[in-house]
Amino acid sequence: MMNNLFSIFDPSTNLMNIPFNWISTLIGMMFIPLSFWLIPNRHLFFWNFILNKLHSEFKTLIGNINSNGSTFIFISLFSFILFNNFLSLFPYIFTSTSHLNLSLSISLPLWISFMLFGWINNSQHMFSHMIPQGTPNILMPFMVLIETISNIIRPGTLAVRLTANMIAGHLLMTLLSGTGNIIPNYLIIMLIFIQILLLILESAVAIIQSYVFAILSTLYSSEVN
């Protein structure tokens, strides 16, 4: 039962022994018509409003005057994760963000680039960041150890947080949908209502997890400046 339950996250479409499902991570952008981006409409205005809000918030967190390019990176990261989270809510579409292969492939290069930039260009700031101000001398070695461990596990926590939240919601929806054949007919309406509420909750989780991933990446970036 456990293998069958988690098999919903396994790539099942192969082409020449290549998991074809992973292409859904990028190919979905092709389904959005070009007129969506070119012709002004309410959807485009709403999306631009969200991006402008994110830009102003990320720019404040980074705290750099010339941070327009940096905010573009994190806005693109938010859009990419949000798109894949929402895409996975549709039936028979592969949930790429529920795999550590994808989430860790995003968080680990970001973390490595932040660390390289910080230690090469701002070594003194990176050393001072490992010991909070006012720390007693006897606790300094322990604080360095704690800060080092917490820094090392950052890419893992970013990846696991996104993956675990996407897996949990999809598993709950799968478990509820599997009870349709065994519950009485008069409870079917209640089951459908619960499924709709759960789908709304998963939509909110898709947005929140995209925002959390992008905002934490922005905070990690601001610490090395």
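**Entry 1**

I looked up arginine 154 and found it buried, with a relative accessible area of 15%. Here buried means under 20% relative accessible area, exposed means over 50%, and partly exposed is in between (1.4 Å probe, protein chains only). I note that this is a predicted model, where local features need pLDDT of at least 70, side-chain atom pairs count only at pLDDT 80 or more, and totals for chains, interfaces and linings use all residues. Residues are numbered from 1 along each chain as its sequence is written, and side-chain values use heavy atoms, with hydrogens and water left out.

Which side chain does arginine 154 meet in a salt bridge? I found glutamate 223, at 2.8 Å, N to O. My definition for a salt bridge is a side-chain nitrogen of Lys or Arg within 4 Å of a carboxyl oxygen of Asp or Glu. Arginine 154 lies in helix H9 and glutamate 223 in helix H10, so the pair ties together parts that are 69 residues apart in sequence. Side chains of opposite charge can pair when their charged atoms come close. Glutamate 223 has 24% relative accessibility, so I wrote it down as partly exposed. I counted 1 salt bridge in the structure.

**Entry 2: The chain as a whole**

Next I stepped back to the protein chain, which has 10 helices and 2 strands. Both are DSSP runs numbered from the N terminus: helices are H or I with at least four residues, strands are E with at least two. Reading from the N terminus, I get the order α-β-β-α-α-α-α-α-α-α-α-α. Of the 225 residues in the chain, 32% are buried.

**Entry 3: H9 against H10**

How do H9 and H10 pack? Helix H9 covers residues 154–177, and it packs with H10 at an angle of about 175°, their axes 10 Å apart. The axes are lines fitted to C-alpha atoms, for helices over the stretch in contact, and angles run from 0 to 180 degrees between N-to-C directions. That makes H9 roughly antiparallel to H10, a label for angles over 145 degrees. I sorted the residues of this contact into 16 nonpolar, 7 polar and 4 charged. For that sorting, Ala, Val, Leu, Ile, Met, Phe, Trp, Tyr, Cys and Pro count as nonpolar, Asp, Glu, Lys and Arg as charged, and the others, Gly among them, as polar.

**Entry 4: A nonpolar patch**

I then checked the surface and found a nonpolar patch of about 800 Å², made by Ile189, Met190, Ile192, Phe193, Ile194, Ile196, Leu197 and Ile200. Patches are made of residues with over 30% relative accessible area and no salt bridge, with like charges joined within 9 Å and nonpolar side chains (Val, Leu, Ile, Met, Phe, Trp, Tyr) within 5 Å. The accessible areas come from the Shrake-Rupley method with a 1.4 Å probe, and for residues only the protein chains shown count as cover. Is isoleucine 189 buried or exposed? At 64% relative accessibility, isoleucine 189 counts as exposed. I found isoleucine 189 in helix H10, which covers residues 188–223.

**Entry 5: Loops and other helices**

Isoleucine 153 is in the loop between helix H8 (140–152) and H9, and at 45% relative accessibility it is partly exposed. From isoleucine 153 to leucine 108 I noted 10.0 Å, C-alpha to C-alpha, for residues 45 apart in sequence.

Isoleucine 93 sits in the loop between helix H5 (68–87) and helix H6 (100–121). Isoleucine 93 is partly exposed at 28%, and its C-alpha atom is 9.9 Å from that of threonine 25, 68 residues apart along the chain.

Threonine 148 has its place in helix H8 and is partly exposed at 27% relative accessibility. Threonine 148 and methionine 130 are 18 residues apart in sequence, with 7.2 Å between their C-alpha atoms.

How values were computed: Angles under 35 degrees count as roughly parallel, over 145 as roughly antiparallel, 65 to 115 as roughly perpendicular and the rest as oblique.
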